[in-house]
Amino acid sequence: MHHLLPLLAAGPLLGATLLVAAGRRLPRVVAESFACAVCAATGVLALVLLLNSSPPLTEWVGGWRPVHGESVGIVVIGDGPSLGMAVLVSLLTLAALVYSWHYFEEPPRGHAGSYPALMLAFQAGMCGFAIAGDLFNMFVFFELMSVVAYALTGFRIDEAKAVQGALTFGVVNSLGAYAMLTGIGLLYARTGELAMSRIGRGLDAYGRPDALVLAAFVLVLTALLVKAAAVPFHLWLPDAHAVAPTPVCMLLSGVMVELGAYGVWRVYGTIFAGPGGIPAADLERALVALGVLTAVVGAVMCWHQRHIKRLLANSTIAHTGLFLAALGVLTPEGDDGAALYILGHAGVKAALFACTGILLDRYGNVDERALHGRGRDLRTVGVLFAIGGLALAGLPPFGTGIGKAVSEEAVGGPLTVLFVLASAVTSGAVLRVAARVFLGLGAPPPKGAAYETTGADEEPETSGRLDRIPGTMIFVPAVLLAGALAVGVAPGFPTVVSRAVAAAGTGRTPVDVHWTSTGVLLGCLSSLLAVGLAAVAVVRPGLLTAPSWALPLRRLQSGHVGDYVAWLLVGATVLGALALPGVLGG
Amino acid sequence: MSRFFRLRVLAFGGAGLAALLVAACFDLPGFGGGSHPYGDRAVRASLARRTANVISSVNFDQRAYDTLGEMSILFAAVLGCVVLLRQNRDEHRDRPEPTEVALPVRRYALLVLPVALVTGLYVIAHGQLSPGGGFQGGVVAATALHLLYLGADYGALERVRPIGVFEVTDSLAACSYLVLGLAGVLAGTAFLANTLLPYGTFNTLSSGGTVPLLNAAIGMEVASAVVVLLARFLDQAVEIEEEKGS
Amino acid sequence: MHVFPYLVAVWIFLTGCYGLATSRNLIHAVGCLAVVQSSTYVLLLAVGYRDGGTAPVFSDLKPGARPLVDPVVQALALTDVVVGATVTALLLALVLQIAKRHGTVDPDELTELRG
Amino acid sequence: MNGWILAATVLLAGGAGTALWGVATGPLSRRVVAQNLSTSVVCASLLLLAQGYDRTAYVDLGLLLAVLGPVGTLVFARLLAEDLTDDRAAAWGLTWTTVGVDAAVVVALCVAAGPGRAMVKLLVVGALLIGGNLVASRALSGGFQGVRGG
Amino acid sequence: MADAVIVVALLLTAGAATAAVAVRDPARQALVLSLLGLFLGVVFTVLQAPDVGLSQLAVGSALTPLLIMLSVRKVRRRGKEGGK
């Protein structure tokens, strides 16, 4: 069984190469069906492997099994979290492919296969990243998914914003990747190994952590946190996610960003968790601090957007902050909570993007103010959008709800307030949009604000504006929301997730995860708060308009690539400073 | 952000990172140190499989999965460039005027073109023996073709370079690398396992099992990918014009 | 000499970052990114160097005749070179489109995405 | 450290250092000439290093640079032709000096290698390098007339 | 003493990298970058990595400059047409 693990990356790649080879002569339908088939087959493979993943699978690619505990090959890991991420990646890619089925704008002449081929390569990159057990291999697949993501983000070359967002995305993420490679170089110098578990053992054998371990930790985490869009590495994300084609947004926000958080968990757990790595207290301080900051900044920025895709992108930032905080407390419950939250969030966020895409294709506009009341005739979309908004707040029994409840229990204390508030604010912003656009509530807002990105005058992604919404475009968000619901209601599913996470960790005993009354109450509280916020925003917009203190925060989001690079360096410094005490204190 | 503020932020971040990295440098094992456990194992493994160039053995045998990723990055980036540099709706093509090239330059280009192609092929073919391999040779061969543009003119290059063929070669070469890897799974060993072919005699062209085959696949892939890539850039720089007034 | 090559790598990394942050031309910025990347090559190969060693390539060398440098970092650096070249190409393609759509390649003049 | 490596070190410190200075400063015409010069200097040092390390396999680096280096200069000559029409980049004195150095290096290496395949390879590299250098210089001093569109 | 050539090569590389950042015009920067590629090739040779040196020379001496110069040309041509 374990021999099949590398096929999770190789399978989609094979499909992509075949599509490009035959793409010149292939009719569009055939190319897209083929891509869906390959994607689904990979998903089934990942699922089958996942069901067989206890005890965790390990595969040495090329058959270089360790001799006397030493190998020259690359190890690939198939445990619960890695295969779970691979399944999630495959499902979302399939959803994105079905969503863009036949609707996506005319492919370049003679290249009918190129868009589905890029999607398959994206899937391959993300799956390869998820199952990597070798640090350099992780870097390679990190780069693969990044490169494909840049190309897909800039896919609509006649959109000025799209190409600009894609370039910022490309520069910042590449810089992060090179930082990671520098970190790999440092770790290789110290331990002479590349497999993550062996690097960890090498560090432990060396003894106390020193500046080298700290620097390697900072550099590797910089790359992963750039991917995960933690403040202050996050600035590229709204620019890229707001301009990418909708199906790509579903993947970027739904799973690629979360892969960054997953990477942090994986790298810390296998490399830096031992006595030679970074002490747990320091990681906790660093991750929780960055997570809180990210959640706050994301929520504030989310509230102040009028460009709907940008609003959703900022809500992704806020939620990543919550994931990082949940992972950061380093308890089994925190890991379980984050895993469930990521699963639920993926479905909800992808569904919200899918609904926004329908608005874009129908009205050529994703501006909350310009669309005021125009979505009245799109009842189904409006209902889906509102449900998505509520689910974002963690309304029971959605998957986001149980994920949030478990995480809240794990973090405890004042952080619970943060979870409630951040999810309520992002959800409130989405509900505000729903009320204004689909119900036409409230007065049409006045024009003109200085420092913001409007969503007016966007080109639809279809070959023309849609008069009728194709069934697939409604079907996909509905299924995605149903999936998010299933994460919360399927009996025993949370416990299964908990078991899978436990089996991959340090052999801790799995805990029973289920809805608690506190969790349900807090979920309902967030949802109520969100509805309240949205209501106030619609009825009395004056009460909640941009207070002046938020303006400096918004000025940071300048779209200038130089600024983003400068903040990346600051982020690395801050990360180093947060983790420093444990290294100094011997 | 103003320029001044950006510089301040940059100075803060840069200083912090610089301090961290310099401190890390002093904790690194001294330059030229002797402890390379993985490297020593790789040399032994390479000799056991009779591959004379250990780097090729690492690339195409021991860590062939990394090379798969690397090849996919190249493949995806070229595909991305093809998509990003496509001719847009508001653009049209202009035939470029032919260029006058000084005679010695033209002669040199036509003379060196075959030499460079042969050099490229030589570098690919000896990849598992002496320094070189599919990537290096592929780039040389692809660059050589563009001597036609540099030394003659763009039309001459276009005549010998059917882009469609190169695109298909690019993807089929990538495909064959994957198929060679899958053969290992089908044979019941492992993905990209180099156990199907005899390892041959040390230091000959056919030594190393599947290493020469994978090397050749990469060479083809890189050469055609670079040709396609440059074709897109040349297209933009030379042929594609925007509609006036748009 | 013990740390000099590493310090050179750090210098190149930071210089490249400085150029990237202060660049007034996106093509120049992509060039600076290539500079940043070259620091990783230097670091990797410096890590793998062994005093008096030679390349582990046996076409003109008897196995065991001389000490060898680390082949693994060389394979990593080789991968890295390829990645760098392709990323440069892809980013340049995006810069070309920016030049077309915005009419400028000065990041200070790109003001569409903000807030 | 043997004589060959010492020679390469001196050549690099002197020649390549000068080339770097020339490329980084001054008018464009001077910069392209310095770029062309750097190919010759670096290629000669690579050949010297191959001999110094006693590794014939390293000669491939010199071969590759001798083939591609002038191609790189042609790229600049062609795509900067418009900028170079006003002040032509001619520095024939410098060009002949480097050609002389290259020839001396190749001859010395051939003597050291003795007759055989290695010597043929060295001669090929030398011919490509010197020919490429001269042609690239020619191209820089107005080798591309009327480059418009093409 | 055997390290002298390594030091020289590293210094040249650091110098070229600094110059590549300091030279702000992209066409001129491309010239410096091609030199940086050559010097990196030398560094790789003296660090006994001829394989990496070959690929660096193959990429850095002609391919990257060609890509950058083609981009510069396209951007400039646009600028000129816009100016008319």
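# Close-up views of a predicted five-chain model**Figure 1. Chain D and its order of elements.** From the N terminus on, chain D runs α-α-α-α-α-α-β, which comes to six helices and one strand. Helices (H or I, at least four residues) and strands (E, at least two) are DSSP runs, numbered from the N terminus. The radius of gyration of chain D is 16 Å, close to the 15 Å that the globule rule gives for 150 residues, so chain D is as compact as a globular protein of that length. This radius is taken over C-alpha atoms, and the globule rule is 2.2 Å times the number of residues to the power 0.38. The C-alpha trace of chain D spans about 50 × 30 × 20 Å along its principal axes. Of the 150 residues of chain D, 57% count as buried. A residue is buried if 20 or more other C-beta atoms lie within 10 Å of its own, exposed if 12 or fewer, and partly exposed in between, with C-beta atoms placed from the backbone.

The model is predicted: local features need pLDDT of at least 70, side-chain atom pairs count only at pLDDT 80 or more, and totals for chains, interfaces and linings use all residues. Residues are numbered from 1 along each chain as its sequence is written, while chains are lettered from A and ligands numbered from 1 in the order in which they are written.

**Figure 2. The interface of chains A and B.** Of the eight pairs of chains in contact, chains A and B share the most contacts. Two residues are in contact if their C-beta atoms, placed from the backbone, lie within 7 Å. Here 66 residues of chain A are in contact with 62 residues of chain B. The side of chain A that touches chain B takes its largest share, 10 residues, from H5(A). By residue type, that side divides into 41 nonpolar, 16 polar and nine charged. Ala, Val, Leu, Ile, Met, Phe, Trp, Tyr, Cys and Pro count as nonpolar, Asp, Glu, Lys and Arg as charged, and the others, Gly among them, as polar. By contrast, chain A and chain D do not touch, and their nearest C-alpha atoms are 23 Å apart. No contact joins chain A and chain E either, with their closest C-alpha atoms 14 Å apart.

**Figure 3. Helices H5 and H6 of chain A.** The axes of H5(A) and H6(A) come within 9 Å and cross at roughly 175°. Axes are lines fitted to C-alpha atoms, for helices over the stretch in contact, and angles run from 0 to 180 degrees between N-to-C directions. H5(A) and H6(A) are therefore roughly antiparallel to each other. Angles under 35 degrees count as roughly parallel, over 145 as roughly antiparallel, 65 to 115 as roughly perpendicular and the rest as oblique. Among the residues that meet are Phe136(A), Phe139(A) and Tyr150(A) in H5(A), and Phe169(A), Asn173(A) and Ala177(A) in H6(A). The residues of this contact comprise 13 nonpolar, five polar and one charged.

**Figure 4. The surroundings of Lys227(A).** Lys227(A) has its place in helix H8 of chain A. This residue is buried, with 30 other C-beta atoms within 10 Å. Not counting residues up to four places away in sequence, Lys227(A) touches Asn173(A), Val257(A), Leu259(A), Gly260(A) and Gly263(A). Lys227(A) and Ala177(A) are 50 residues apart in sequence and 9.4 Å apart in space, C-alpha to C-alpha.

**Figure 5. Helix H3 of chain B.** Nine of the nine residues of H3(B) (residues 54-62) are buried, so this helix is largely enclosed by the rest of the structure. Its buried residues include Val54(B), Phe60(B) and Asp61(B).

**Figure 6. Chains C and E, with their H2 helices.** In this interface, 43 residues of chain C are in contact with 36 residues of chain E. H3(C) provides the largest share of the side of chain C that touches chain E, 12 residues. H2(C) (residues 26-48) and H2(E) (residues 26-46) pack at an angle of about 10°, with their axes 10 Å apart. The two helices, H2(C) and H2(E), are therefore roughly parallel to each other. The residues of their contact divide into 11 nonpolar, four polar and no charged.

**Figure 7. Val95(C) and the largest nonpolar core.** The largest nonpolar core has 496 residues, and those with the most contacts inside it are Leu45(C) and Val95(C). Such a core is a set of buried Ala, Val, Leu, Ile, Met, Phe, Trp, Tyr and Cys residues joined through C-beta atoms within 7 Å. Val95(C) touches residues including Leu167(A), Val105(C) and Ser71(E), not counting residues up to four places away in sequence.
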